[in-house]
Amino acid sequence: MGYGALSDMAQHRDELWKDELWKLELTEVAELIRTRQLTSEQVTESTLRRIEKFDSQLKSYAWVMSDSALAAARTADAEIAREHYRGVLHGVPIGVKDLCYTMDAPTAAGTTILHEFRPQYDATVVARLRAAGAVITGKLAMTEGAYLGYHPSLPVPVNPWDAATWAGVSSSGCGVATAAGLCFGSIASDTGGSIRFPTSVCGLTGIKPTWGRVSRHGIIELAASFDHVGPIARSARDAAALLTVMAGSDVNDPTSSVEPVPNYAANLALTQMPRVGVDWPKVAAFDQDTNAMMVDVIETLDSMGWPVVEIELPALDPIVQAFGKLRSVETAIAHADTYPAYADQYGPTLRQLIDTGRKLGAVEHQALVKQRLAFTESLRRVFHDVDIVVLPSSGLASPTLETMRGLGHDPQLIARLAAPTAPFNASGNPTICLPAGATPRGTPLGVQFIGRKFAEQFLVQAGHAFQQVTTFHRRRPPLRGC
């Protein structure tokens, strides 16, 4: 190859680094780093420059870890140069939701009461990221305590697709930063929809794993038996790469599963056609944009040769109501050390949730527990006939900030939003959320595939297959100045 051709290749690489790098998927960037076409330091510097340029308007980071990120990137480059490659996350910038313990940065969980809290150890998921060679760019902003509202004194993340559109809760910083290229993937949590809401409205892919699939050690609780930790990324392949590192048993979390962890990203090919279940009467209860998206999704799956059958899901509204009350009790328990002793430092939305939980009687609580168990068993029976249940990943299609202004204080709005999400926190089933459409104003919409417990591999394969025939996950937000 002549000097001119080599020079052209180098120029193209430099242009990619400067202008197009942020648009790539995690696994695409990983391959550039692995093959040393780009260094981790270059990718990390580029990401930090984007954070500096855009995050003053997007407000997705609670804490940027520039120095430690660059140090980790240089270490990754040195290891890769010695052919000590740790895997697909090695050298790739990843953001972490600010409820994951980090020894080298504060962990405030969207509160002011914890603003000076510096943990003495890393959360298990953070430790596993570091062991895989990931570059942690910082702590991502979130709602107060991972509930529905932001603390009144803290900034609110802004949807990069449209500043007037809701950015989701509670992992809003994760969704905003990943969509805007301020990291190439993020670690989030989901108690009633907090991975699926941001992924839906920001045009991303997210996985809420089976409860227990990922350790919660070092994760600040909202409601322990509903809390799930999972990845947000741009594609099913990317999310699978993150989940492979995150998942697995942990002696520090006795609720973590001992089920073997496959390499989710290594085998993306479906070995059987998924049997897809749709409950059309329940889908019809959602808004017009959501219904149009669901029709398009089912038509796509049908064109792929996937058998689609009508099913009857157990009633969703009653379990959402039960979930809300059960969550309030678990939140009150999680905050027992600081509430009501420091109630004046809490925002009104989280305070109201805790007060509700403190008032719930034992007899009513036990009745709700029985209701949850009955729902979980009814859902298990649905999966006798199908492999995947399809629902929207948000009960409201890309809502505006004005529409969501009352969220946290309007029970009907909460119930509408959480109808397709919270039931699967109650049951613990895994779901994958995929970009699947857009509103007339161009903002993203998402669909979720729900599977049997510990069927994450099958869901990843199904999500990847869907993304081979659609291009929604390739769309990028039109940030001014990009």
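This is a predicted model: local features need pLDDT of at least 70, side-chain atom pairs count only at pLDDT 80 or more; totals for chains, interfaces and linings use all residues.
Me: How many helices and strands does the protein chain have?
Reply: There are 16 helices and 11 strands in the protein chain, taken as DSSP runs numbered from the N terminus (helices are H or I with at least four residues, strands are E with at least two).

Me: And what about the radius of gyration?
Reply: For 482 residues a compact globule would have a radius of gyration near 23 Å, and the 21 Å of the protein chain agrees with that; the radius is taken over C-alpha atoms, and the globule rule is 2.2 Å times the number of residues to the power 0.38.

Me: How much of the chain is buried?
Reply: Buried residues account for 60% of the 482 residues, where buried means under 20% relative accessible area, exposed over 50%, and partly exposed in between (1.4 Å probe, protein chains only).

Me: Switching topic, how do helix 11 and helix 13 pack?
Reply: Helix 11 (residues 316-334) and helix 13 (residues 362-382) pack at an angle of about 130°, and their axes are 10 Å apart; axes are lines fitted to C-alpha atoms, for helices over the stretch in contact, and angles run from 0 to 180 degrees between N-to-C directions. That angle makes helix 11 oblique to helix 13, since under 35 degrees counts as roughly parallel, over 145 as roughly antiparallel, 65 to 115 as roughly perpendicular and the rest as oblique.

Me: Which residues make that contact?
Reply: Among them are L316, I319, L326 and V329 of helix 11 and L368, V369, R372 and F375 of helix 13, with contact meaning heavy atoms within 4.5 Å.

Me: Now T349, is that buried or exposed?
Reply: T349, which lies in helix 12 (residues 348-359), counts as buried at 9% relative accessibility. Leaving aside neighbours within four places in sequence, T349 is in contact with Y147, L148, G149, G408 and H409.

Me: What does T290 touch, then?
Reply: T290, found in helix 10 (residues 288-303), is in contact with P392, L396 and A397 once neighbours within four places in sequence are left aside, and T290 is buried, with a relative accessible area of 2%.

How values were computed
Residues are numbered from 1 along each chain as its sequence is written. Side-chain values use heavy atoms; hydrogens and water are left out.
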